[in-house]
Amino acid sequence: MTRFVARRIAQAVLVLLVATLAIFLATFALGDPFASTGEKVVPPEVQAIDRAKFGLDKPLPVQYLTYLGNLVHLDFGVDFDQRRQVSSMLAETLPNTIRLALVAIALDVLIGVIAGVIAAVKRYSFTDVLVTVSSTLAIGVPTFVIGLVLVGYVSGLWIFPVVPRSFTVQVPWWHEVLLPAFTLAIIDAAFIARLMRGSMLEVLRSDYIRTARSKGLPERVVIGKHAMRNSMIPVVTYVGISLGVLMGGAIITETIFQYNGIGYLLARAIQANNAPVIMAVVVVSVVVFVLLSLLVDILYAYLDPRIRLD
Amino acid sequence: MRKIRTGTVLTLAALLSLVPAGCAKRPNVGTQNGGVPLVGFPQTPPPPHVPGKPGGVFRLGIVEPVAIDPYNSQESEGNLVTENLFTELINVGPDGSVSPGVATSWTSNPDCSQWIFTLQHGTTFHNGEPVDSVAFKRGWERAAARSAASEVAYHMNEVQGFDAMQAGAADHLSGVDASAPDRLVVTLAHPDCEFYLRTFKTVFSPVPTVAGPADNKAYNDQPIGNGPFMMAGPWQHDRGIRLKRFDGYAAGPKANLAEVDITILPSQSAAQGEYDGFNNGTFDWARLPTPLLSQARATYQPRGEWISKKTAGINYLLPMVTTPPLNSVAARKAISEAIDRVAIARGVFQGSQVPADAFVPPALPDAYQSGVCTACRYDPADAKKLAQQAGLAPGSTVNFQFNTGGGHEEWTAAVTQQLKRNLGLNVNYSGVPFTDLLNNEQQPGASGIFRAAWGADYPTPGNFLQPLLSTGAIGANSPSQPATGDNRGRYSNPRFDQLLAQAAATPDKGQRITLYQQAEQLAIGQDLAEIPLWFRQQFRLANTMKFANMYLDFAEEPTLAEITLR
């Protein structure tokens with residue numbers, strides 16, 4: 001176990017190095033952040049001062065190593081536009097994204113697993129057909145369509161806040177998080193329902209289920225305890241990856257709902273060519289993703305004792 | 001200097017409706033029909049003044065500003081906040097007229113190299129600190145310091161000692177004398193009889209002692225100013241900014257509104273967000289997405305919630321006047337007369353845009369010369385003749401570049417069509433990102449026409465003519481160097497330069513305007529060094545059910561300090 005975790009962390013560091021280098025090169029290729037972009041015509045002398053201030057006058061490898069050096073001390077630097085601490089921007093937005101991701105995952109596991117189990121147990125019934133058809137539909141409709149429809153027709157009703165709303169109107173966090181979470185959950189729930197249905201059907205055909213039934217266990221225990229646990233493995237894998245993706249910021253959904261998470265932060269940073277913020281969001285996403293996939297691997301061993309980590 | 005990237009977003013349907021339009025010889029200039037222009041949404045008159053009563057919360061949306069601290073406040077969003085937190089030496093009204101701010105009067109010596117501003121007694125900052133000449137000197141030096149790397153400090157470039165501060169060689173502006181508290185004496189390295197106009201830019205704001213240097217984060221996010229409004233808590237980045245009335249305001253009439261709530265919207269769809277927010281009751285003021293202009297006007301104008309105002313800006317084509325094929329006046333006039341501005345305004349812009357007949361727009365009423373651009377009329381037959389004369393035979397290639405993402409695709413395509421049809425030109429038409437467009441314009445071999453727009457910083461025709469057309473503003477020592485100034489077309493006419501120099505040295509406003517008008521007649525009327533297309537016009541929605549005195553000021557911001565509850 002310890003060796004496994006150590007190996008995975010070593011891998012994570014490597015992934016982080018490759019990812020930061022790639023993004024570093026990509027943002028560098030975007031061009032000079034201090035060149036005039038039209039809205040603001042920056043005098044050349046001022047551009048030079050800014051470049052020197054951010055070390056952009058140094059060779060690229062030096063810039064990259066400096067960045068890594070600062071990263072070790074959790075120093076993400078300051079952004080190009082307003083000279084704000086990038087770490088404080090993350091501290092403000094990351095909790096919102098985590099909240100959104102968790103609620104979305106909770107919703108999609110709840111909907112997906114229940115729908116999948118029912119569909120599998122009542123195979124070829126009307127419910128099964130309904131689940132299969134509606135999940136196909138949900139997978140087919142792009143997230144932004146669902147988001148825009150919800151903003152257009154649902155926000156402003158009941159507890160759902162209007163979009164855009166004045167920043168002085170305070171609402172409880174769960175009022176604000178429900179619609180974007182639902183938007184994100186629909187596609188995932190559909191995938192999970194299909195995964196769940198498939199693996200459940202497979203498990204239900206296996207020997208140990210027959211044994212359990214022949215022992216005279218009630219169907220509720222057979223399905224709920226024995227079959228569910230084993231058919232969860234592909235779902236756990238999917239949820240782990242999905243959570244990792246969502247924690248990295250749901251760019252489109254957060255922007256549509258003007259939800260102040262790291263996805264929205266990233267969208268704005270990309271538009272403004274604000275490399276320090278882009279870098280920071282990517283680093284956070286990679287770290288979260290790697291940690292979550294580690295957690296998923298450990299969960300496998302718990303769910304299926306035949307899997308050994310070492 | 002304010003280059004404008006975005007313009008107008010148009011619909012394809014509108015473009016198609018263009019095709020059969022306009023073959024006849026039709027003037028753009030005389031588009032008056034019994035006093036009603038045939039195209040262009042008419043301006044709405046300034047709202048009737050309603051006496052103020054205190055109270056009310058005014059709500060609007062903006063995108064995240066770059067800065068609200070005057071040392072670096074630059075774009076429309078930052079300026080909205082800063083101009084209400086600070087009062088500068090002078091005020092500029094919606095029509096460009098100048099009135100006293102903190103300064104009660106200002107005079108210059110005969111050659112305009114030294115300016116004396118007499119300051120009001122007893123005005124204070126929001127924290128109670130008195131506003132005196134030292135506070136102005138402090139504010140100016142804070143922005144001019146090299147370490148500030150301010151992107152707007154260049155407005156001070158005429159002040160003696162500015163260059164030394166930018167170079168890091170001095171920590172004081174040697175040209176600013178604040179030895180008497182109620183008198184600010186400014187010595188200019190470059191004499192300018194219009195220097196006082198510059199001082200309404202927010203970078204010339206006074207700051208209190210607590211401001212500290214430009215990198216003082218606490219002050220950057222919660223500036224303490226001397227304006228009619230003050231910050232109610234620090235700037236909540238990406239969320240909003242809340243202003244409240246400054247009850248101790250003495251530099252002018254106090255504001256009426258108790259509070260202004262400015263919500264920060266995503267920049268990708270800001271105009272749409274403002275419009276949606278106006279519709280769902282979140283905002284009292286909104287910009288509109290261009291494709292919705294016609295529709296929104298039909299809905300809101302009858303309700304009296306529609307504001308339309310010509311502002312100090314111009315949309316034009318920038319011709320490269322030193323390289324073939326547009327290095328002759330006849331060639332440029334041929335291009336201009338081959339463009340049917342009325343048809344494009346009707347078809348592509350759904351009638352919202354006003355064809356230009358001058359380069360200095362009517363938003364500067366003293367200086368505007370209707371029809372000074374004689375080649376701004378649509379006359380394909382004359383255009384053909386001129387083209388022949390200029391050697392611009394059918395089949396010749398002309399480059400035409402615009403920036404993508406600013407909504408310029410449709411109308412530039414229409415212009416291309418017209419040039420092909422009316423002159424038989426082979427138009428090498430291309431869209432590039434804005435930075436590339438600026439870069440391409442600068443290159444020594446650049447030729448053809450480029451999309452361009454300009455908004456004035458100060459209410460003077462000089463702010464159009466000097467930066468865009470004077471020899472000094474080319475910013476290149478030889479034709480083989482890139483043009484680093486704003487005169488990208490490299491127009492250079494000694495007579496024109498002389499007229500501008502004369503204007504800058506003329507203290508009398510009337511005489512100065514006359515000189516500027518002569519200069520415009522020369523550069524636009526005679527030489528057509530820029531090809532004017534449309535005058536800049538702004539549209540807003542305003543909640544007139546609840547509020548009064550809402551209008552657009554010179555900088556295209558809502559007149560927050562005058563707005564009042566009904």
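**A walk through chains A and B**

With 10 C-beta neighbours inside 10 Å, B:A298 counts as exposed; a residue is exposed if 12 or fewer other C-beta atoms lie within 10 Å of its own, buried if 20 or more do, and partly exposed in between, with C-beta atoms placed from the backbone. This is a predicted model, in which local features need pLDDT of at least 70 and side-chain atom pairs count only at pLDDT 80 or more, while totals for chains, interfaces and linings use all residues. Residues are numbered from 1 along each chain as its sequence is written, and chains are lettered from A and ligands numbered from 1 in the order in which they are written.

B:A298 sits in helix α8 (residues 293-300) of chain B. Helices (H or I, at least four residues) and strands (E, at least two) are DSSP runs, numbered from the N terminus. Between the C-alpha atoms of B:A298 and B:A356, which are 58 residues apart along the chain, the separation is 24 Å.

Chain B as a whole holds 16 helices and 22 strands. Its C-alpha atoms fill a box of roughly 70 × 55 × 40 Å along the principal axes. For 566 residues, a compact globule would have a radius of gyration near 24 Å, and the 24 Å of chain B agrees with this; the radius is taken over C-alpha atoms, and the globule rule is 2.2 Å times the number of residues to the power 0.38. Of the 566 residues in chain B, 54% are buried. Two residues are in contact if their C-beta atoms, placed from the backbone, lie within 7 Å. Among the contacts in chain B with a separation of 6 or more, 72% join residues 24 or more positions apart.

The largest nonpolar core has 172 residues, and B:A144, B:A334, B:I449 and B:L541 have the most contacts inside it. Such a core is a set of buried Ala, Val, Leu, Ile, Met, Phe, Trp, Tyr and Cys residues joined through C-beta atoms within 7 Å. Apart from its neighbours within four places in sequence, B:A334 is in contact with B:A383, B:L386, B:A387, B:A390, B:L392 and B:L423. A second, separate core of 66 residues includes A:I111, A:F182, A:F257 and A:F289.

In chain A, helix α11 (residues 262-271) has A:I262, A:G263, A:Y264, A:L265, A:L266 and A:A269 buried. These buried residues pack against α4 (86-121), α10 (251-256) and α12 (275-303) of chain A. After α11(A) comes A:N273, with a positive phi near 55°.

Back in chain B, strand β12 (residues 240-245) pairs in the antiparallel sense with strand β11 (residues 229-231) over three bridges; two strands pair if DSSP finds at least two bridges between them. Within β12(B), B:R245 is the bridge partner of B:F229. β12(B) also pairs with strand β13 (residues 259-265) of chain B, in the antiparallel sense over five bridges, and here B:G240 stands opposite B:T263.

Where the chains meet, 37 residues of chain B are in contact with 33 residues of chain A. On the chain B side, the elements that give two or more residues are β4 (57-63), β12, β13, α7 (270-279) and α13 (434-442). β13(B) supplies the largest share, four residues. That side divides into ten nonpolar, 16 polar and eleven charged residues, where Ala, Val, Leu, Ile, Met, Phe, Trp, Tyr, Cys and Pro count as nonpolar, Asp, Glu, Lys and Arg as charged, and the others, Gly among them, as polar.
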